[in-house]
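Reader: Could you walk me through the ligand surroundings and one of the sheets in this model?

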Amino acid sequence: FDILQHLSMRSSVAALYLPRSVFISDKSGVRVSSELQIEDGMIQLFVEKAEICELKLFVENTGQDAVYFTYYTALHWLQYFTLEDSRRVTRNNPLRLEPCECNQTVQEKLVLVLFLVYPATLAFEFKENTQPATRPFHIVRFIQAEYRSELAALLGPEAPFRPKRLETYEPARCNIEEGVPPESFARNLLKFVVPLDNYTHPSYISDLAEVLKGSRSFPKLQEQKSLLESDLGFHNYLERFDLLLYLEEDQMRLDIKRYNKDDVSMVKDCENKRLLLLELPGVSENRPSVLRGDHLLLTKSEEVQLSTVTKYKGYVHRVELDQVKLGFSRRLLDGFIDNMKFRVEFTVNRLPLKLQHRAVHMAVQHELRDVLFPVGSRSVTPESPPALRLFDQKLDKNPEQKNAVCNIVAGTSKPAPYLVFGPPGTGKTVTIVEAIKQVKLNIPDAYILACAPSNSAADQLCEKLITSEHVDARKIYRVYASSRNPKDILKKNSNVEGNTIIFPCKEDLMSYKILVSTLVTAGRLVSGGFPIGHFSHIFVDEAGHAVEPEAIISVAGLLNAETGQLVLAGDPKQLGPILRSPFAIRYGLGLSLLERLMTQNELYQKGTTGYDNRYVTKLLRNYRSHPSILKIPNEMFYDGELVACADEMISHQYCKWEHLPKSEFPVIFHGVIGKDERESNSPSFFNTSEIDIIIDYMKKLLTQAKKGIAKISPKEIGIIAPYRKQVEKIRKAIKLHRELKSFLGIEELKVGSVEEFQGQERKVIIVSTVRSDKKHIILDETFNIGFLKNEKRFNVAVTRAKSLLIMVGNPIILRTDATWAQKVIGCPLPSMEELHSSRCLLKAQKILKDPSHPGHSLFELLPSGRRYRVLKTRTNRLRNSFYAKAISFLNTAKKLN
Ligand SMILES: Nc1ncnc2c1ncn2[C@@H]1O[C@H](COP(=O)(O)OP(=O)(O)OP(=O)(O)O)[C@@H](O)[C@H]1O
């Protein structure tokens with residue numbers, strides 16, 4: 001539309017629908033070329049440093065007849081471009097291009113400012129003669145100049161991004177040829193005693209999804225619909241959760257089909273010739289989720305169209321960053337030659353689903369009503385809990401934490417769960433760890449199961465318990481799932497022996513006082529026949545992250561409903577359950593057990609005298625972060641209830657850092673207009689301009705010791721990025737960097753996704769948001785990735801920092817989200833376009849550069865070098881003039897850069 005408007009072509013309605021090719025094609029023998037290659041009308045140039053660079057464009061007539069060059073213009077007016085031509089072409093002074101006359105040069109000068117990408121569109125107008133009535137024709141060129149450091153160039157795409165197209169042909173008949181599962185990678189001494197049924201996905205579920213969508217009506221499914229619409233209670237617990245889990249599975253089955261691939265080649269693994277290697281970009285980002293022991297179905301490409309096909313089952317032996325190693329039948333291997341092509345189909349791993357179904361069935365079978373729907377009484381005056389001597393003395397000074405520990409040991413909430421609830425950094429994990437230690441000390445026959453939804457959170461719990469000198473580490477045992485790769489995990493006090501995961505026999509496992517596992521792996525203990533009541537206490541940290549049936553895996557079949565104590569800790573505002581089915585979400589599967597009790601059960605509600613400490617503790621003192629870091633999440637998610645209590649020695653360490661835009665405010669939003677790219681056929685994104693900035697901050701942080709701020713070691717810095725590819729590229733950038741790669745302890749610097757940082761903290765956190773193209777935001781929403789469409793993920797990312805938070809991102813994109821615009825980038829803020837197109841800014845910059853300009857003396861750069869101000873003289877005149885406006889643009893531009 002811009003093009004049409006500028007070139008006065010609006011009269012032609014048809015022109016509105018003209019494809020891009022019409023504008024970019026050379027016409028009537030006239031060619032607009034450049035020294036650089038033009039692809040699809042686009043001229044891309046890269047610069048390595050901030051400089052004025054010149055781009056020559058050539059206009060030539062290669063036709064048989066003379067043509068008049070009448071006009072040229074930049075359609076988006078940018079101050080960084082100046083256009084010049086020696087013939088000074090205008091509509092009043094058109095240039096006659098004789099046939100085959102070349103040499104007409106339009107020079108364009110670009111002033112590039114560090115790390116910014118400035119797109120521009122140039123339009124050239126020509127006429128076949130100079131008669132006013134003659135319609136002109138136009139040629140358009142797009143120009144993109146991108147700052148690219150040497151490092152960024154090295155990190156750039158290895159191969160252009162080429163998504164694969166999917167054939168949806170389904171054969172009439174297929175035979176499944178069984179593959180070879182990983183050898184008993186888990187040595188199983190723990191017998192399967194309690195059966196795990198199949199919980200087969202009923203065939204009516206797809207029809208039910210249609211009914212819920214409102215697109216069809218099946219009277220016989222009305223009962224299921226009513227069940228979903230009714231409130232959750234113990235009477236419908238099993239049926240409701242079964243149905244919700246089936247709806248979720250139905251969506252998972254649909255979604256996983258999107259990952260199927262055609263014409264994918266495999267090669268033999270050079271380490272183990274009985275395995276085939278399949279490249280799977282995105283696999284480490286769970287797109288799709290593939291674990292050791294899962295299987296894929298492969299069909300030879302040349303057979304895909306046949307009516308009867310053989311699908312070869314390939315069991316996953318190992319998952320690597322962008323590839324998996326698969327075990328197939330002898331028959332396939334015998335006829336296999338490297339680079340044979342296959343169609344790959346992914347399958348849903350049903351184990352976690354089956355465990356969840358079993359858990360809700362067992363919850364009902366074992367009468368867990370009083371645990372799941374507790375009805376204790378609030379009327380009884382709370383007794384004061386026993387006074388304990390805490391191991392962690394800092395908890396002594398916090399009455400809520402101390403109360404929670406004492407009440408858990410005293411079992412005041414039994415049979416109701418005890419909840420430790422609170423925002424990030426308020427000490428939930430340390431409270432749980434203390435409670436576990438106190439239970440072990442004060443209740444001699446106690447046996448404890450400590451769980452978390454993710455492996456990283458379970459590892460964190462285990463490490464905190466093992467490293468404390470108050471518990472004999474030999475009594476603690478971390479149980480890993482057999483699907484884990486032993487090479488990737490902590491081996492101390494765990495079921496990993498060398499390169500094998502072992503499951504000791506029940507008696508051996510039962511001899512440990514404290515077992516630590518994920519919620520799903522706790523299901524293995526149920527299958528192993530652990531007696532109900534063996535565990536006197538079950539703790540679940542990060543409980544807000546799990547759907548209720550998942551949390552129940554660690555409870556049903558293990559906890560004695562009368563004598564056992566369940567403790568849940570978490571924060572519903574941090575990473576929640578990840579669900580795919582809109583119906584499962586609509587009908588409540590997204591609500592964790594912790595959140596349901598907090599919001600719907602009377603025992604846990606805030607009364608006139610506050611919360612009843614016998615059942616719940618709400619922690620509100622944040623011991624982690626500087627108040628300025630807390631400010632954003634506190635306003636966004638916690639109604640300003642959080643109180644900043646961190647030790648100032650640490651939290652204020654960066655308050656005087658020379659690189660802060662504002663002293664005493666250790667939060668930096670570093671605006672950068674980069675590019676989110678993909679490479680080869682990996683669906684994951686990266687942004688090298690952001691990596692350049694991150695590396696620059698790393699250098700500043702690690703080499704600052706002399707500047708009066710304590711030296712920081714790499715392990716105290718964390719870098720969080722929302723996409724796996726960015727994580728990988730940042731790691732690569734550090735390894736390639738001359739100074740950073742040899743920095744002492746650099747291997748301890750953690751670069752990871754938000755999920756990997758949940759529950760963790762670092763002195764300095766750098767967040768790379770990556771997104772720079774609006775059109776990809778929809779992908780984030782569909783796949784539940786990135787920051788922009790997931791507030792909970794954003795909350796976790798920004799609440800990991802103790803002393804300094806640096807966020808790197810594209811302000812134009814982030815401003816499209818109201819929360820980012822208001823809370824992070826700050827408002828009011830002129831958009832980048834406004835900045836670019838502002839004549840005020842240009843004028844102000846010209847004046848600043850030119851000491852002879854009469855306005856020059858009006859601007860003054862403050863001694864900090866970070867802000868301009870207008871001198872007091874003639875203030876009144878200035879207030880409403882463009883100088884005042886220019887000053888605000890200049891300062892914002894300075895802040896952004
Ligand atoms: N009473 C206290 N006094 C001083 N420091 C404390 C206290 N309680 C916790 N901390 C410290 O606060 C930090 C955060 O604690 P912890 O990781 O337990 O919080 P959390 O609530 O589990 O956080 P998240 O929700 O982010 O997982 C830790 O460094 C911990 O040592």
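**Ligand shell and a parallel sheet**

Author: Gladly! By class, the shell around the ligand holds four nonpolar, ten polar and six charged residues; Ala, Val, Leu, Ile, Met, Phe, Trp, Tyr, Cys and Pro count as nonpolar, Asp, Glu, Lys and Arg as charged, and the others, Gly among them, as polar. This is a predicted model, where local features need pLDDT of at least 70 and side-chain atom pairs pLDDT 80 or more, while totals for chains, interfaces and linings use all residues. Residues are numbered from 1 along each chain as its sequence is written.

Reader: Which element gives the largest share of the shell around the ligand?

Author: Helices (H or I, at least four residues) and strands (E, at least two) are DSSP runs, numbered from the N terminus. Two elements give two or more residues, α10 (393-396) and α12 (428-442). The largest share, three residues, comes from α12.

Reader: Between which domains does the ligand lie?

Author: Domain bounds come from an automatic or database domain assignment. Both of the domains concerned give residues to the shell, so the ligand lies between domain 3 (352-374 + 386-619) and domain 4 (628-829).

Reader: Which strands stand at the edges of the five-stranded open sheet?

Author: Two strands pair if DSSP finds at least two bridges between them. The pairing here is parallel, in the order β30-β34-β33-β31-β32. Two of these strands have a single partner each, so one side of each is left without a neighbour in the sheet: β30 (667-671) and β32 (750-752).
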